[in-house]
Structure formats: C-alpha cells, structure tokens
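Here are my notes on the model, as numbered points. Please read them with the structure open.

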Protein chains: 2
Amino acid sequence: MEFLNDMALFVEVVKARSFRGAADIIGMPNSTLSRRISALEKTIGLRLLHRTTRKIELTEAGQIYYERCKRIVDEAKLAHEQLGEMLSQPSGVLRASLPVDFAVTYMAPLIAEFARLYPGIVFDFDLTSRRVDLVSEPFDVAIRIGEPENSQLIARPLAVLPVYLYASPRYLDRSGEPAEPADLAHHECLGIMKASTWTLHDGAHTTKVSIGSRFTLNSVGMICRLAALDMGIIMMLEKIVADDLASGRLRRVLPQWHGAPVSVYAVTETRLLPAKTQHFIKFLQEHLGRV
Amino acid sequence: MEFLNDMALFVEVVKARSFRGAADIIGMPNSTLSRRISALEKTIGLRLLHRTTRKIELTEAGQIYYERCKRIVDEAKLAHEQLGEMLSQPSGVLRASLPVDFAVTYMAPLIAEFARLYPGIVFDFDLTSRRVDLVSEPFDVAIRIGEPENSQLIARPLAVLPVYLYASPRYLDRSGEPAEPADLAHHECLGIMKASTWTLHDGAHTTKVSIGSRFTLNSVGMICRLAALDMGIIMMLEKIVADDLASGRLRRVLPQWHGAPVSVYAVTETRLLPAKTQHFIKFLQEHLGRV
DNA sequence: ATTTAATGTTCCATTGATGGAGCAATGTTA
DNA sequence: TAACATTGCTCCATCAATGGAACATTAAAT
C-alpha cells in the first residue's frame, strides 16, 4: 500500500512520454523518477513501460494500468481541489464560544453582517462566561477577552478596546464622586471575578488602585445591572454600557481616566482552520478594530 | 502531488478510529503514522481529525475528504488486484522470436498444447534465424539455441538436447564412412555459420575436430536439405532429422559418438514478465526437457 | 559518416524520513 | 479516590531514499 504516489508519477511519465520530460514537469530529478517507476514495476511484478534509450511506450499491462491510474490520480486531484474550494467558499457549521455580554453588544451586528456575507455557514454559538476547553469540546473558535492563558492554543488578536469607569448618578450622589483614582479605594468597585486591582491611565500617568467589593461574580451583564442599581462603580467597555449611559442609568466617572485597554482574542486549538473559521476570524479582525 | 500514500494512511486511521490500531493493521510505527497524517493536514491546510488523547473523530472537512479518499484508495486497490488477475489468468498477445527449424520440429506440438491450455492468449511468432534485439523490438521472449551471449538479457535454460552426426547414404558411399572423429577432417562437414570445430563425446572420451565445408549459411533447414542432397555430414538435433532418417535420406554417422549437447534458453529483456510470458516459459521448461 | 544533443540508468555522498522509547493526558477499574 | 492502562505525540539516533553527475546509447543533424 505504498505505491499510490508512484502511480501518480507513472501517469506523469506516460503523459510526457518521457522520463526526463516528466521529471521536469514534476520538478524531480529524473534519477529518482526512474528508480520510483522501477520500484513500482517490481512491486506489481510487471513491466509497465517498454524503454529504449530514445523512446518509451506502454506495455499491455502498462496500457491497462495507465487507464486506471489516470482516473484515480485525477480523482485525487479533484478531491483536493474541492477541499480548496471549501477553503474559499466556506460552509458548514461554525461552532464558537463567545463571552456572552461582549457578544451581545459588540459582536451581534458583526455576526449578522458575516452571516449575510456567507450564506453557506450555519452558526452554533455557545455564550458563556467560562473558558471552554477547546481541546475536548468541538469548538472551532473561542472569543476571549484579556490576555491568553499560557497553553498550546493559538490566540489571534482581534482588537484592543478602551474601558472606562461608570456608576449610576444615585450611587455617586450617595457615595460621592471620586476626583482622582486613589479615591476609588473607598468605593464599591464591581470587578469581574476577584480582580483586586484596577490600572488606570490618563494621558500622562498610570496608577494602580486596589479595589474591593462585596460582590464576586462572573457576569458582565450582572455587574452592569448592579451598577445601574446603584451598587457601585464598574470599569467597562464603552458599548456595553451604551444603553445605560444614554438612558442616564449610568454616567462616566473620572472621565479623564481610562482603564487598561482590554485585548480581544480569537483562540483556536490549531492553526489548520477550515475556511469558515478562517473567514470568521479575519472578518472579526477587520471589523472589531474599527468599532 | 506527494500525498496519495498519506491518503491511504488517513483512510486506515479513520477505519480503525485510532492511530495505534491503524498502525498495527498497516504494520507501521504509530509515530510515523501520526507524523504522516499531520503532514497531510498541513499540505491541504485543514485539520482532518479532531484528536483527544483518547478518541479521534472526523472534522467536517475530514468527513468529506474521507468519503473521497476511501473511493480513491479502493479503486487503486482494485486496479492492483486486476493486474494480479492478469498475472494468474494470462491473456494478450505473446510475441516470441523462435529459431525457425527448432520451432517447427520441437516446439510446434508444445505450442499447440499451450494454446489449448490458455485460450486467452494470442500468438505472434517471429521465426527467424537471426538473434533479434529484445531491447528495441517488442518481443516478450526469444528462444535461443546455444550459450547466451554476454549481455544484460535474462536467459532461463529450457532443455539440454543431444546432437548426433548424420549424412546421406549416397554421400557416405561416395566419400567413405568415417570410423573415428579424426576422419571428419577429410569430410565435408556442414556447420551453422562459420563454426570451425565440432566437439564429440562417446561414453569415455571427448575429442575436438576441425571441420571445413564449402558452405557458410545460417539455416538449419537448408543444411539438412543439403545433407539429404549428399553434400556432407551434419551435426543435428534428433528430431530435426527424424523425417529424413525415417525415409532413409539420412543415416547416423559415428553412432557411438555424439556432439556437445546444446542448451535451449528462453531469453527475456527483464525479469518482470507478464503472466503469459511466465506461463509460456514455465510450460516449455516442463515439456521440452522430457521430449 | 561524423558529430551533436538528448535519453534512461547507475553511482554514491548527503539528507530527509523512520521508528523505538519516553511523555503527558485521559478513560477505566478497583 | 487512586492506581493503572492506553492513547496520540515528540525526541533523536539510525537508515534508506534522494538527487547531482557521469555514463552508455541512440536519433537527429550536419
């Protein structure tokens, strides 16, 4: 079962009606070609080509073998071409794991646009806040916020987005409006998980403040909701609080400061991606940055 | 175009649903198998198998690719099986070069029998006395009398046949009957081509005599005819002169002596023979010796 | 007839593939 | 829960496949 490549070589030799010619076409030294064809003849126990120094012609067995080989090799080439088309005309199910709130606010319109662009793709999104295991679960890609953990996964940066501080007017009335970052130490700062410090920048300075809160949770949406309900200050991506901002439920705090911009990554288990995934990631890279 | 073998490996892996299992089936270390599949995935730029340490399953691309690969690999196997059948059920045209007189007397009945045995074979015999060039002319096999010349051809011995001395009664009346080998020096000894000596044996002794004749020719039939026409003594295979012997046109000379037995060879250009040729040679080996 | 250019094969140093052992990861069993 | 067995992958010494050059041979060109 190690003769299939040699079959392809044989087909080339017959087509070129010459070892040297075929070798040039394939891009292989004729010595190798000669040896490989000889090996093929030996494994099947029949002479396929009748060689003189100047000409080669098919034997009877070679004639029959060639007809079959040509079909087989052509079919193999076709199979690869069609895989190539799969790469350029993506289709199939795209399974992605998305951070729920980021997906809802930032990605929804992009996904709608992408779906319009590639009607062949069907989507299967898993919106969670947990970091799914790409190795054991059959996700094509996971979108992740923040630095990629140290693993063998491939992380492609999609965008770097600014974050700002927000709170509800009533909270600020009650607890006072912080004038500088250090003031945050005396506020209820709602962070994701158990993040214990916020890093803030203005044009010139960078400062780190320890934060504390009575809440530990893993839902961005819930944090925003809590903030809108006057429970504290949040550091958040712009778009996520856009509605609350517009309706006046939240308003910017320390407006000349911003948090450390968060990076968004597309994470995959491998570099060998089907077209659908490649296009999805490329699309996000091109459109997420400009938001 | 160097991925066809890997396609076959991929098919085996999918069938076995395991790298190790497939490796055992193929008889190949799993390390190689793993590397080859990875290489295949890299060349087509798509992941074909979703691997966990415990299980493997096809990706979408792998699914499609597998369907096609299976067909292709099966077809390739079939092509080889059919070539194998060509080997076991010979058919086609058997082109052979035969020494004309030897063929007529010794081989004709064998050929008739062989033709009955293998109805699929069609025959194309070239009966000449010249030694055809097997390399440039499309003969499957040549039957040759006497030692094979030093060349790259493959010679398989078919039989070793005794030769005796014959002359016409009238020639012997006229020129005297030789009583011992040395007497031949004074006789007209008709040899093929320009053979200048005859080697004779009786049970115990071997002797070499120089021979001479006015005729140089390359036809055994013509020599026999000349001998029957009282032109000299010939050293000949038994069967060739059987008719002349029976009709009394020739009779044995020096009956206790015989010539150096001649070997008959089947000569081919290569060892990789189609079934028809293999069977033909085997048949001749089995039947020529017993004549 | 003689030269020329081109063919398929062979030789041999080099390189790339190979495969056994070990590894981390994971499903299974006690 | 812990020990075990099995999986696919990786490392590296070894070996076989490779490809450039030379060769013998031959058809075409002069």
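**Notes on the two-chain model**

1. B:D6 first. Setting aside neighbours within four places in sequence, B:D6 is in contact with B:R36, B:I37 and B:L40. B:D6 sits in helix α1 of chain B. Its relative accessible area is 8%, so B:D6 counts as buried. B:D6 and B:R36 are 30 residues apart along the chain, yet their C-alpha atoms are separated by 6.3 Å. Keep in mind that this is a predicted model.

2. Next, B:N5. This residue also has its place in helix α1 of chain B. B:N5 is buried, because its relative accessible area is 5% and the cut-off for buried is under 20%. Which residues does B:N5 contact, leaving aside its neighbours within four places in sequence? They are A:M1, A:E2, A:F3, A:L4, A:N5 and B:R36.

3. For the backbone nitrogen of A:N5, the distance to a polar atom of the B:N5 side chain is 3.4 Å.

4. Now the whole interface. On chain A, 54 residues are in contact with 53 residues of chain B. The size of an interface is often given as the accessible area lost when the parts come together. Between chain A and chain B the buried area is about 4,500 Å². Carbon and sulfur atoms give 62% of that area.

5. Polar pairing across the interface. The rule finds ten salt bridges between chain A and chain B. There are also 15 residue pairs in polar contact between the two chains, counted with both residues at pLDDT 80 or more. On the side of chain A that touches chain B, the elements giving two or more residues are α1, α3, β1 (49-51), α4, β3 (92-99) and α9 (275-288). α4 of chain A gives the most, with 18 residues. By class, the residues on this side of chain A are 28 nonpolar, eleven polar and 15 charged.

6. Salt bridges that cross. Over all chains, the structure holds 27 salt bridges. In one of them, the side chains of A:R71 and B:E75 meet at 2.7 Å, N to O. This pair runs from helix α4 of chain A to helix α4 of chain B. The side chains of A:E60 and B:R95 form another salt bridge, at 3.8 Å, N to O.

7. A linked set. A:E41, A:R47, A:R51 and B:E269 are joined in a network of salt bridges. A:E41 turns up again in the next point but one, among the contacts of A:L49.

8. Salt bridges inside one chain. A:R116 and A:E113 meet through their side chains at 3.4 Å, N to O. They are three residues apart in helix α5 (residues 100-117) of chain A, so about one helical turn separates them. A:R116 is exposed, at 60% relative accessible area. A:E113 is partly exposed, at 30%. In chain B, the side chains of B:R249 and B:D244 form a salt bridge at 2.7 Å, N to O. B:R249 is partly exposed, with a relative accessible area of 38%. B:D244 is buried, at 12%.

9. Nonpolar cores. How many residues does the largest nonpolar core have? It has 62 residues. Those with the most contacts inside it are A:F10, A:L33, A:L49, B:F10, B:L33 and B:L49. In each of chains A and B, α1 (4-16), α2 (19-26), α3 (30-44) and α4 (60-88) give two or more residues to this core. A second, separate core has 41 residues, including A:F102, A:A103, A:I240 and A:A266. Take A:L49 from the largest core. Beyond four places in sequence, A:L49 is in contact with A:F10, A:V13, A:V14, A:F19, A:I37, A:E41, A:I56, A:E57, A:L58 and A:T59.

Methods: Residues numbered from 1 in each chain as written. Chains lettered and ligands numbered in written order. Predicted model: local features only at pLDDT ≥ 70, side-chain atom pairs only at ≥ 80, totals over all residues. Heavy atoms only, no water. Core = buried A, V, L, I, M, F, W, Y, C linked by side-chain atoms within 4.5 Å. Buried < 20%, exposed > 50% of the residue type's maximum accessible area, 1.4 Å probe, protein only. Helix = DSSP H or I, 4+ residues; strand = E, 2+ residues; numbered from the N terminus. Contact = heavy atoms within 4.5 Å. Buried area = accessible area lost by both parts, 1.4 Å probe. Salt bridge = Lys/Arg side-chain N within 4 Å of Asp/Glu carboxyl O. Polar contact = N/O pair within 3.5 Å; in protein donor to acceptor, adjacent residues only side chain to side chain. Nonpolar A, V, L, I, M, F, W, Y, C, P; charged D, E, K, R; others polar.
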